[in-house]
Amino acid sequence: MNRFDYVRAETVAQAVQAFAGANGARFIAGGTNLIDLMKYDVERPGRLIDITRLPLGEIAEHDGSLRLGALATNATVAYDDRVRARYPLLADAILAGASAQLRNAASTGGNLLQRTRCYYFYDTGTPCNKRQPGSGCPAIGGVNRIHAIFGTSEHCIATHPSDMCVALAALEAVVQVSGPEGERSIPFAEFHRLPGDAPEKDTNLRPGEIIVSVDLPDQDFSRHYTYLKLRDRLSYAFALVSVAAALDLDGDAIRTARLALGGVAHKPWRNAEAEALLQGKPATRESFQAAADLVVAEAKPQHGNAFKVELARRAIVRGLEQAAAGTPQSVTDKRIQ
């Protein structure tokens with residue numbers, strides 16, 4: 001068993017201080033991912049900093065936006081009346097993920113920080129550049145059905161597993177963090193990283209920084225939205241492809257389009273050119289097909305996941321059609337399979 005120190009922080013400042021100078025320190029809240037990684041010997045922290053007593057569990061109004069405390073559980077966020085009314089895309093994405101038990105324990109901040117479910121990352125008997133930089137990526141040329149088709153590198157083709165983050169990317173949320181150098185705001189598009197030549201780094205957090213909240217901008221996508229999740233089975237499965245689509249319409253014309261994909265890249269995947277292509281266009285299947293074609297043109301699949309390219313193209317069209325019609329995908333709709 002890996003020996004580690006355990007520290008319970010009462011304030012954000014105490015948590016940041018406890019992190020400093022520790023060997024392999026990790027913050028822990030719900031622990032729904034970190035504990036699994038410790039059991040599999042993937043993570044071996046020298047210090048666990050318990051942050052569950054920090055005053056970060058509220059959901060509150062803030063400068064016209066809705067601020068989600070980092071310790072607000074996924075269930076709390078999904079069932080909050082303000083989230084359901086103003087950001088139903090986020091609520092639906094959360095409810096499409098995990099199980100009720102996990103959503104009751106998992107925190108908002110932890111959801112952003114969960115790690116890939118790549119088979120090789122979890123198997124310490126195999127090489128993995130994410131787990132041991134420089135050791136290789138056996139998923140390239142190996143078993144790679146669930147892996148990325150966008151933004152990959154020669155060092156890693158892992159995907160980000162979150163549903164919640166796909167919706168947050170589409171909503172252009174802002175992550176508030178605190179660390180040794182003070183507080184700062186990180187636009188959601190800049191929070192997660194592509195693997196590049198440093199796949200062991202999932203985010204752009206600096207050492208010792210802790211997420212304190214996530215801000216949801218005040219833009220109304222409460223009518224024309226959908227979260228479409230395609231997976232091997234209806235429940236308790238990670239996405240092969242997911243689509244968070246949100247539209248602001250002026251009659252039949254698209255004023256603003258937001259589109260984010262999950263299950264296809266190392267971070268929630270957006271294509272600014274495809275979103276710009278839709279602006280001013282009629283909300284028709286032809287417009288949506290053109291945007292989908294532009295998105296998948298960037299795909300670089302492996303031998304085992306080439307099916308994801310067509311799956312993503314069709315999912316984008318279907319998601320945008322549902323958003324335009326104001327008929328979001330039900331998280332209990334069996335057609336999602």
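1. A crossing of two helices is called right-handed if the near helix is turned clockwise from the far one by less than a right angle, and left-handed if the turn is anticlockwise. In this predicted model, the crossing of α5 and α9 is right-handed.

2. The two helices of that crossing span residues 88-95 (α5) and residues 164-171 (α9). Their axes lie 8 Å apart, and the packing angle is about 165 degrees. Since an angle over 145 degrees counts as roughly antiparallel, α5 and α9 are therefore described as roughly antiparallel to each other.

3. Which residues make the contact between α5 and α9? From α5 come Leu89, Leu90, Ala93 and Ile94, while α9 contributes Met164, Ala167, Leu168, Ala170 and Leu171. In the contact of α5 with α9, nine residues are nonpolar, with no polar and no charged residues.

4. Turning to the sheets, three strands make up an open sheet with parallel pairing, and their order is β1-β3-β2. The edge positions belong to β1 (5-8) and β2 (25-28), each of which pairs on one side only. From one strand to the next, the twist averages 25 degrees.

5. Within this sheet, β1 runs parallel to strand β3 (residues 47-50), and four bridges join the two. Asp5 has Arg47 of β3 standing opposite.

6. Five strands form an open sheet with antiparallel pairing, in the order β4-β5-β8-β6-β7. Why is one side of β4 and of β7 left without a neighbour in the sheet? Both β4 (59-62) and β7 (182-187) stand at the edges and have a single partner strand each, so one side of each remains without a neighbour.

7. Ala60 has Arg67 in β5 as its bridge partner. Helix α1 (residues 12-19) packs on this sheet, where it touches β6 (174-179) and β8 (210-216). The direction of α1 makes about 135 degrees with that of β8.

8. To restate the main points for the record: the strand order β1-β3-β2 goes with parallel pairing, whereas the order β4-β5-β8-β6-β7 goes with antiparallel pairing. Helix α1 packs on the latter sheet, and the helices α5 and α9 pack with their axes 8 Å apart.

Technical notes:
Residues are numbered from 1 along each chain as its sequence is written. This is a predicted model: local features need pLDDT of at least 70, side-chain atom pairs count only at pLDDT 80 or more; totals for chains, interfaces and linings use all residues. Side-chain values use heavy atoms; hydrogens and water are left out. Two strands pair if DSSP finds at least two bridges between them. Axes are lines fitted to C-alpha atoms, for helices over the stretch in contact, and angles run from 0 to 180 degrees between N-to-C directions. Contact means heavy atoms within 4.5 Å. Angles under 35 degrees count as roughly parallel, over 145 as roughly antiparallel, 65 to 115 as roughly perpendicular and the rest as oblique. Ala, Val, Leu, Ile, Met, Phe, Trp, Tyr, Cys and Pro count as nonpolar, Asp, Glu, Lys and Arg as charged, and the others, Gly among them, as polar.
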